[in-house]
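User: I would like to learn how to read the main features of a structure like this one. Please take them one at a time, with the general idea ahead of the case.

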Amino acid sequence: MFVPYLKKPLVLIGGGLALGWLLVAIFAPLIAPYDPLQTLQPLAKPMVAGAKGELFLFGTDMLGRDIFSRLVWGARTVVIYSTLATLTAYAFGLLFGLIAGYAGGRTDAVLSFLANVVLSFPVLVLYIVIIVVIGASPVNIVIAVTFSSAPAIYRIVRGITIDVASRDFVKAAVTQGESTLRILFVDILPNTTGPLAVDFCLRLGYTAITIGTLGFLGLGLPPPTPDWGGMVNEGRAMAIAFPHLVIFPCIAISSLTLGLSLLADGLREVNDAKERHA
Amino acid sequence: MTQSLLQIRNLSVALPKGADRAFAVHDVSLEVKPAEILCVVGESGSGKSVLTATLMGAAPRGLRVAGGTAEMGGRDLLTLTERQWRDIRGKDIGMIFQEPMASLNPALTVAQQIEEVFELHSDYPRAERAARAKKLVEEMHLPEPDRILKSFPHQLSGGQCQRVVIAMALAMSPKLLIADEPTTALDVTTQAQVLKLIRELRDNHGHGIIFITHDLGVVADIADRIAVMRRGEVVEIGSAEQVLKAPQHDYTKTLIAAVPSLVPRDRPAAETEEAPALTVSALNHSYGAKQVLHDITLSVAPGRVLSIVGESGSGKSTIARNLIRLTDPTSGTIAVGGEPILDLKGGALRRMRRRIQMIFQDPFGSLNPRRKVGPMIARAAMLSGANRAEAVERAKELLELVGLQRNAYDRRPAAFSGGQRQRVGIARALAMRPDVLIADESVSALDVSVQAQVLDLLADLQKRLSLAVVFITHDLRVAAQISDEIVVMSKGHVVERGPANEVLTRPQHPYTRDLIEAAPGRGAF
Amino acid sequence: MFLGMFLLRKVAIALATMLAVSFLIFLALEVNVEDVAVKVLGQYSTVEQRAAWLAQNGYNDPFLLRYVRWLGQFVAGDWGMSTFFRAPVVDMVLPRLAASAILAGGALLVIVIFGLGLGVLAGMRPGSLLDRMISVFSVVTTSIPDFASAVFLSGIFVFWLGLLPGASTMISGLSLAELVLPVSVLGLYSMGYLARVTRASMVDVMGTHYIRTARLKGASMGRIVLRHALRNALITPVTVIMLQLPWLLSGVIVIEVFYAYKGFGTLLYDAALNQDIYLIEACAMISVLVVVLSQILSDLLYGWLNPRITLGARA
């Protein structure tokens with residue numbers, strides 16, 4: 001059943017990029033030539049041999065840390081926190097979306113109003129307020145992302161649930177006296193996975209962007225954690241003389257988020273084709 | 001002998017590689033003469049719609065004309081360029097569609113849409129265009145032409161929209177009209193009026209008309225000549241009389257035999273006065289200020305079939321939803337086996353649901369595409385109290401009972417056709433061993449030959465299991481085949497009720513008479 | 001009359017939303033009075049100083065009372081004093097908002113022209129080469145973070161080609177050259193997004209029965225697109241444009257920080273770095289207000305474009 005997905009170039013390219021970064025994150029200690037926190041030689045240019053003959057593929061930053069190694073370890077940061085934050089956001093969004101979409105009425109009205117309140121904040125403003133209040137730490141960033149993404153996921157899940165719940169097979173389950181829990185998780189949930197898989201990929205990308213942006217603003221993971229956005233922030237002041245400080249981290253994050261978008265697009269195309277077929 | 005308007009010779013349209021057959025339309029030869037209605041009849045997948053689309057130069061993406069000619073006025077339509085087509089469409093050939101509402105642009109008024117045809121194909125000045133549009137609307141017997149012209153499509157009814165579409169198709173008096181299932185989406189009484197209008201076009205204006213339909217009743221009402229299509233080929237062609245009265249091809253014979261007769265089947269009268277399995281009394285239902293059900297009272301005894309017949313908006317589906325408690329009525333009572341069900345909650349409600357089950361209309365929406373059909377049926381059996389082993393066995397028995405194989409157990413709904421899915425739906429409902437079965441338009445979405453089989457199955461099971469059945473339908477013919485009693489509904493009221501035979505042969509209420517009058521092909525079948 | 005009811009309902013919801021948002025903001029930033037004192041007086045203030053300040057400013061009152069008082073003052077235009085800039089918050093926020101409006105306005109223009117244009121072009125003939133090129137372009141623009149686009153575009157136009165200035169401080173007055181990069185980067189994401197929405201909507205409309213009707217009346221492709229497709233296809237995208245404002249507001253923060261542009265974004269950013277809570281409160285309130293207003297505008301546009309809503313056929 002996965003064969004149609006593997007025939008799509010979009011899925012292959014996007015999945016390849018995303019999977020590539022996942023592998024880099026997993027095998028970071030094997031790939032990175034240096035300790036990402038160790039001072040070696042300040043501001044070495046890319047591909048230029050250092051004083052002791054070592055090679056800095058992407059150069060070093062102003063504290064003398066190897067940029068390539070920091071990128072590799074930064075992949076681990078972004079993969080772990082993006083995935084964690086997206087998963088927790090999904091747990092809440094999915095639960096409340098299913099409940100609101102199926103129950104309707106007052107439950108739906110109250111939950112939807114609350115979701116709208118959160119969604120009426122521009123995302124970054126919301127993050128800034130949350131971070132000012134609870135401070136920037138890895139856990140707090142996961143909390144902030146959950147708080148701001150869950151309502152968006154809620155909306156999508158609610159919409160799909162309303163759609164699925166209106167179909168006759170759900171009515172049939174009701175008239176058989178099936179329990180509400182079983183209807184939600186056996187009849188409705190499996191029929192939402194297509195569009196939700198697409199959204200999950202996209203949201204994973206958004207979360208990576210968000211964490212990167214917070215790092216860029218200096219509000220993300222506290223230094224010296226290797227973090228792509230943070231690297232751009234640190235290198236920004238000297239970017240005119242040393243563009244390699246910012247270019248490589250930007251390429252890294254863009255290739256990850258682009259990969260996830262392409263993957264999402266490919267999945268959507270296959271889903272749509274399946275839908276038309278059925 | 002009059003000259004033919006359109007002459008199709010050996011037309012073939014190829015399907016893309018990997019389709020279930022090589023040609024959507026294969027080696028079709030037809031002709032249409034002026035003042036003649038040629039009906040092209042076929043079930044779903046017969047290629048009839050591809051044929052008409054090809055004749056308008058608008059074959060769906062991926063399809064390719066593989067051979068043949070379609071000659072009209074000395075030109076072969078199949079060789080025209082897009083630019084040449086533009087001159088012909090709307091001027092020489094007009095088209096009428098199945099979905100009248102969707103065929104009109106929601107953002108433009110009726111006047112704008114009709115006048116556009118003149119803008120495209122004539123140099124009439126503005127005032128002349130408006131005057132002609134108004135005249136067309138009047139000719140379509142539309143009430144208040146001025147209001148209609150100023151309206152947007154969503155402000156009109158389906159029948160009115162279809163008249164507007166016809167007006168548009170006729171604006172330039174094209175010699176040839178192509179009508180693709182133009183009345184399928186309409187209620188019977190509206191359908192009868194639109195058919196009458198189409199006959200007028202033939203008689204008064206001499207249009208040649210290709211009329212595509214799946215409904216043999218409609219064919220009998222309207223056709224001069226008939227072409228029967230099956231799997232892309234014309235299997236029989238001839239005058240209406242010939243094809244309907246003395247069909248040659250086996251497929252035509254099956255189709256004709258499958259048309260349900262308006263004459264009720266002989267069903268034995270109830271032997272004894274049994275206590276009703278289902279009673280409904282004084283049921284009222286409102287959506288906001290709008291009352292959709294007025295004081296409905298019904299009852300069905302075990303082993304009997306009650307049909308509720310009505311057009312869209314009659315409230316018949318609301319009754320079904322009330323019976324299975326998807327929505328609750330504003331007032332009234334419903335009792336199953338003497339036990340009132342409207343106050344039940346929680347566990348008691350769940351136990352009651354077992355006794356009253358429903359077969360849904362849409363064979364594609366009523367089965368969860370993610371679940372295998374066997375476990376789906378077995379689950380229903382378990383909910384009614386069977387243990388796992390019994391449930392699996394019952395599911396397999398039921399699959400056989402409804403005419404499927406035992407090994408269908410492990411397949412998903414996608415592996416079945418519409419008719420087979422409907423059988424699965426019946427098996428699922430029966431797995432709960434219900435006393436009352438509700439069938440809401442359960443055969444409406446099926447091709448006529450499949451419809452006949454499913455109806456037979458239902459009638460057979462109902463008798464064997466002594467079920468009380470409430471059969472909801474818009475189709476009097478179907479009702480005639482299965483009912484002991486018929487209730488006719490209009491605008492939320494019961495207007496007539498009685499034994500099927502009485503209601504169909506000696507209708508009392510004018511609305512019932514209209515309905516019977518409007519049933520297509522009344523004389524023929 | 002129907003449109004009036006529709007609008008009234010939307011305004012009521014907007015007011016309720018603003019009320020809830022203000023409560024959330026106040027709750028988050030001022031529920032802990034000790035924290036407020038530390039943030040206002042600084043870390044090195046003494047316990048006595050804080051206690052005195054709290055008493056003097058009514059912080060010993062119950063929370064709800066403080067909230068109502070704060071809300072009243074906010075509505076009346078008294079937004080407090082910035083602790084970092086030592087100036088009334090109102091006087092700081094409004095000019096900065098105007099500066100950001102220039103950026104956002106420019107970006108909106110880019111978004112509307114290119115987003116709608118590319119979307120319509122792509123959706124006219126789905127599957128064509130042009131469609132595929134536009135689709136790839138919009139995927140790329142919607143996937144790259146703002147700060148990375150800024151780095152890439154600056155790399156090309158500032159360092160490599162030397163065509164544009166790398167910062168937009170506007171020290172010597174309004175400079176168009178300094179606006180080009182921030183406006184482009186800011187508009188990039190929403191432009192791609194709008195192009196996708198427009199394309200999808202256009203493809204849907206081009207597949208409808210009424211487009212087939214128009215074609216079978218003998219209308220040309222140009223006429224079909226202009227007269228029959230556009231008005232129906234633009235309903236969704238036009239409402240989406242207004243809903244891009246929250247994104248633009250997020251983007252404004254990143255882009256202003258990157259280009260050192262003195263607008264609303266850098267103000268909020270400085271406020272956040274300096275724990276300037278009254279300034280943060282005001283900025284958050286204002287940005288939500290902008291979003292809520294844009295939603296009302298979007299609903300209005302939808303009602304105006306869609307005859308089915310304006311004429312009251314559907315609730």
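Analyst: Residues 278-516 of chain B are 38% helix and 26% strand, with the end C-alpha atoms 28 Å apart. Over residues 6-256 of chain B, the figures are 39% helix and 25% strand, and the end C-alpha atoms are again 28 Å apart. Keep in mind that this is a predicted model.

User: Which feature does UniProt place at residues 6-256 and 278-516 of chain B?

Analyst: The unreviewed UniProt entry gives "domain: ABC transporter" for both of those stretches of chain B.

User: How should I read a sheet, and in what order do the strands E2, E1, E4 and E5 of chain B lie?

Analyst: In general, strands of a sheet pair through backbone hydrogen bonds, either parallel or antiparallel. Here, four strands of chain B make an open sheet in the order E2-E1-E4-E5, with antiparallel pairing. Strand E2 (23-32) and strand E5 (75-76) of chain B are at the edges, each pairing on one side only. Strand E1 (residues 6-14) of chain B is joined to E2(B) by six bridges in the antiparallel sense. One bridge to look for links B:Ala14 with B:Phe23 in E2(B). Helix H1 (residues 48-55) of chain B packs on this sheet and touches E1, E2 and strand E4 (64-72) of chain B; the direction of H1 makes about 65 degrees with that of E2(B).

User: What is the pairing in the open sheet of six strands in chain B?

Analyst: The pairing there is mixed, and the strand order is E6-E7-E8-E3-E9-E10. Its edge strands are E6 (93-96) and E10 (233-239) of chain B. From one strand to the next, the twist averages 15 degrees. Strand E3 (residues 37-41) and strand E8 (residues 208-213) of chain B pair in the parallel sense over five bridges; B:Leu38 has B:Ile210 of E8(B) as its bridge partner. Helix H6 (residues 158-170) of chain B lies across E6 and strand E7 (176-180), at about 170 degrees to E6(B).

User: What should I make of the phi of B:Ser466?

Analyst: Most residues other than glycine have a negative phi. B:Ser466 is not a glycine, yet its phi is positive, about 55 degrees. B:Ser466 sits in the loop between helix H16 (448-465) and strand E18 (468-473) of chain B. B:Ser466 counts as partly exposed because it has 14 C-beta neighbours inside 10 Å.

User: Where is C:Ala260 found?

Analyst: C:Ala260 lies in the loop between helix H12 (245-259) and helix H13 (264-273) of chain C. Its phi is also positive, near 50 degrees.

Definitions and conventions. Residues numbered from 1 in each chain as written. Chains lettered and ligands numbered in written order. Predicted model: local features only at pLDDT ≥ 70, side-chain atom pairs only at ≥ 80, totals over all residues. Pairing = 2+ DSSP bridges. Helix = DSSP H or I, 4+ residues; strand = E, 2+ residues; numbered from the N terminus. Contact = placed C-beta atoms within 7 Å. Axes fitted to C-alpha atoms, helices over the stretch in contact; angles between N-to-C directions. UniProt positions renumbered as here; feature names shortened; annotations may be inferred. Buried ≥ 20, exposed ≤ 12 C-beta atoms within 10 Å, placed from the backbone.
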